[in-house]
Amino acid sequence: MPLTLTLTEGALPPGAEKQAIAEITDAFLRAHGLAGNKLMTPNVTAHVNLMPKGMTFSGGSEVTGAWIETKTPSFALADRAVQTAFFVEATEIIHRLSHNSLPKDRIWANGVHAVDGTWNMNGKPLTNAEIGAAVAAA
């Protein structure tokens with residue numbers, strides 16, 4: 001379940017990106033009650049995009065910001081309480097790691113759901129039901 005963190009260079013201190021990914025991954029797993037799950041933990045992947053200053057925008061104007069995006073099977077982040085818990089915590093993580101210099105209104109987030117049956121784990125596309133069974137067995 002890839003998590004994408006896109007940052008304007010300088011939004012976080014150099015090197016804080018790795019800490020942000022580790023903490024956001026933990027928050028995602030905790031919000032779903034899957035902390036430590038042997039199947040899901042290694043399947044929550046992430047990457048960071050660092051954008052040069054002058055190449056990130058809000059309302060058509062240059063901005064220093066952070067964008068958090070999840071791509072998940074449709075059952076993940078489906079419950080409002082889970083959505084709120086995760087995205088509030090992810091925003092707090094970025095704000096804190098910026099030493100509170102990146103305002104929360106410059107931290108955007110969204111979630112994208114995959115079509116059922118197109119989620120690939122361990123080289124095999126799985127349906128939501130197959131993922132659920134594998135998680136329960138782990």
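**Note on the predicted model**

1. Asn-43 touches Met-1 and Met-121 when residues up to four places away in sequence are not counted, a contact being a pair of heavy atoms within 4.5 Å. Asn-43 lies in the loop between α1 and β2 (46–51), and with a relative accessible area of 15% Asn-43 is buried, where buried means under 20%, exposed over 50% and partly exposed in between, for a 1.4 Å probe and protein chains only. Met-40 is in contact with Met-1 and Met-121 as well as with Leu-29, Leu-34 and Val-135, leaving aside its neighbours within four places in sequence.

2. Residues are numbered from 1 along each chain as its sequence is written, and side-chain values use heavy atoms, with hydrogens and water left out.

3. The protein has 3 helices and 8 strands, which follow one another from the N terminus in the order β-α-β-β-β-β-α-β-β-β-α; helices (H or I, at least four residues) and strands (E, at least two) are DSSP runs, numbered from the N terminus. Among contacts between residues at least 6 apart in sequence, 75% join residues at least 24 apart.

4. The C-alpha trace spans about 45 × 25 × 25 Å along its principal axes. The radius of gyration of the protein is 16 Å, which agrees with the value near 14 Å that a compact globule of 138 residues would have; the radius is taken over C-alpha atoms, and the globule rule is 2.2 Å times the number of residues to the power 0.38.

5. Of the 138 residues, 39% count as buried. The accessible surface comes to about 7300 Å², and 56% of this belongs to carbon and sulfur atoms, the areas coming from the Shrake-Rupley method with a 1.4 Å probe.

6. In soluble globular proteins, nonpolar side chains tend to be buried together.

7. Two loop asparagines deserve a look at the backbone. Asn-100, in the loop between α2 and β6 (107–113), has a positive phi of about 65° although it is not a glycine, and Asn-122, in the loop between β7 and β8 (124–126), has a positive phi near 55°. Most residues other than glycine have a negative phi. Asn-100 is exposed, with a relative accessible area of 52%, and Asn-122 is exposed as well, with 68%.

8. Which residues does Lys-53 contact, leaving aside its neighbours within four places in sequence? They are Thr-8, Glu-9 and Thr-64. Lys-53 sits in the loop between β2 and β3 (57–58) and is exposed, with a relative accessible area of 58%; Lys-53 and Glu-9 are 44 residues apart in sequence but 5.9 Å apart in space, C-alpha to C-alpha.

Technical notes: This is a predicted model: local features need pLDDT of at least 70, side-chain atom pairs count only at pLDDT 80 or more; totals for chains, interfaces and linings use all residues.
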